[in-house]
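Please open the structure in a viewer and keep the selection panel at hand.

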Amino acid sequence: MRSVKYTLILISVLFFLGADFCLASSAFIENISKVRKSSGYTFKVNYRTQQEWTDGLVFKLFCKFSKGTEQAFVSAGHNNLKSGWHKTEINIPNVYRERYGYIEDYRVEMYSGGILVSIKSM
């Protein structure tokens, strides 16, 4: 009797995880660009949402610096996005370049509702 109960619980969990993944995968990163300014770096992210309305998008930027460290930066949450193309920016102050060196490699991850849905790297 217990094995049937645990099997039903496992099937339910997998069903709901699959449903969340399908909903979350309707957004993706098209491209990213890095602009170096006197005040630091600006990363421009072009992305697309496919649902009529999208809430809870967060972007994480991972940068590898020339002095060997890797730092992560997180964007603010994005809500009330209509279906279509969008842009966001993540700014990194100049103090990071002074302390850790130049950015040699980077990648951006997009999360929807806490689930990783897209990755784009340099």
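Accessible areas come from the Shrake-Rupley method with a 1.4 Å probe, and for residues only the protein chains shown count as cover. By this method the chain exposes about 7,900 Å², of which carbon and sulfur atoms supply 55%. This is a predicted model, in which local features need pLDDT of at least 70 and side-chain atom pairs count only at pLDDT 80 or more, while totals for chains, interfaces and linings use all residues. Residues are numbered from 1 along each chain as its sequence is written, and side-chain values use heavy atoms, with hydrogens and water left out.

**The whole chain**

Begin with a cartoon view. Two helices and seven strands are present in the chain; helices (H or I, at least four residues) and strands (E, at least two) are DSSP runs, numbered from the N terminus. Along the sequence they follow the pattern α-β-β-β-β-β-α-β-β. Of the 122 residues, 34% are buried, where buried means under 20% relative accessible area, exposed over 50%, and partly exposed in between (1.4 Å probe, protein chains only). Among contacts (heavy atoms within 4.5 Å) between residues at least 6 apart in sequence, 65% join residues at least 24 apart.

**The nonpolar core**

Next, select Phe-43, Phe-59, Leu-61, Cys-63, Ile-92, Ile-103 and Met-110, which have the most contacts inside the largest nonpolar core, a set of 22 residues. A nonpolar core is a set of buried Ala, Val, Leu, Ile, Met, Phe, Trp, Tyr and Cys residues joined through side-chain atoms within 4.5 Å. At least two residues of this core come from each of strands S1 (27-37), S2 (40-54), S3 (57-65), S5 (81-93) and S6. The most are given by S3, with five residues. In soluble globular proteins, nonpolar side chains tend to be buried together.

Centre the view on Phe-59. Beyond its neighbours within four places in sequence, Phe-59 is in contact with residues including Ile-29, Val-45, Tyr-47, Phe-73, Ile-90 and Glu-109.

Now move to Glu-109, in strand S6 (residues 103-112). Is Glu-109 buried or exposed? Glu-109 counts as buried because its relative accessibility is 8%. Apart from residues up to four places away in sequence, its contacts include Val-58, Phe-59, Phe-62 and Leu-116. The side chain of Glu-109 also makes a polar contact of 2.5 Å with that of Tyr-111; such a contact is a pair of N or O atoms within 3.5 Å, and within protein one must be able to donate a hydrogen and the other to accept it, with residues adjacent in sequence counting only if both atoms are side-chain atoms.

The structure holds two salt bridges, each a side-chain nitrogen of Lys or Arg within 4 Å of a carboxyl oxygen of Asp or Glu. One joins Arg-107 to Glu-70 (3.6 Å, N to O). This pair links distant parts of the chain, with Arg-107 in strand S6 and Glu-70 in strand S4 (residues 70-74), 37 residues apart. Arg-107 is partly exposed at 29%, and Glu-70 is likewise partly exposed at 47%. Another salt bridge joins Glu-109 to Arg-107 (3.3 Å, N to O). Through shared partners, Glu-70, Arg-107 and Glu-109 form one network.

**A loop residue**

Finally, select Lys-67, in the loop between S3 and S4. Lys-67 is exposed because its relative accessible area is 56%. Tyr-100 lies 33 residues away in sequence, with a C-alpha to C-alpha separation of 5.4 Å from Lys-67.
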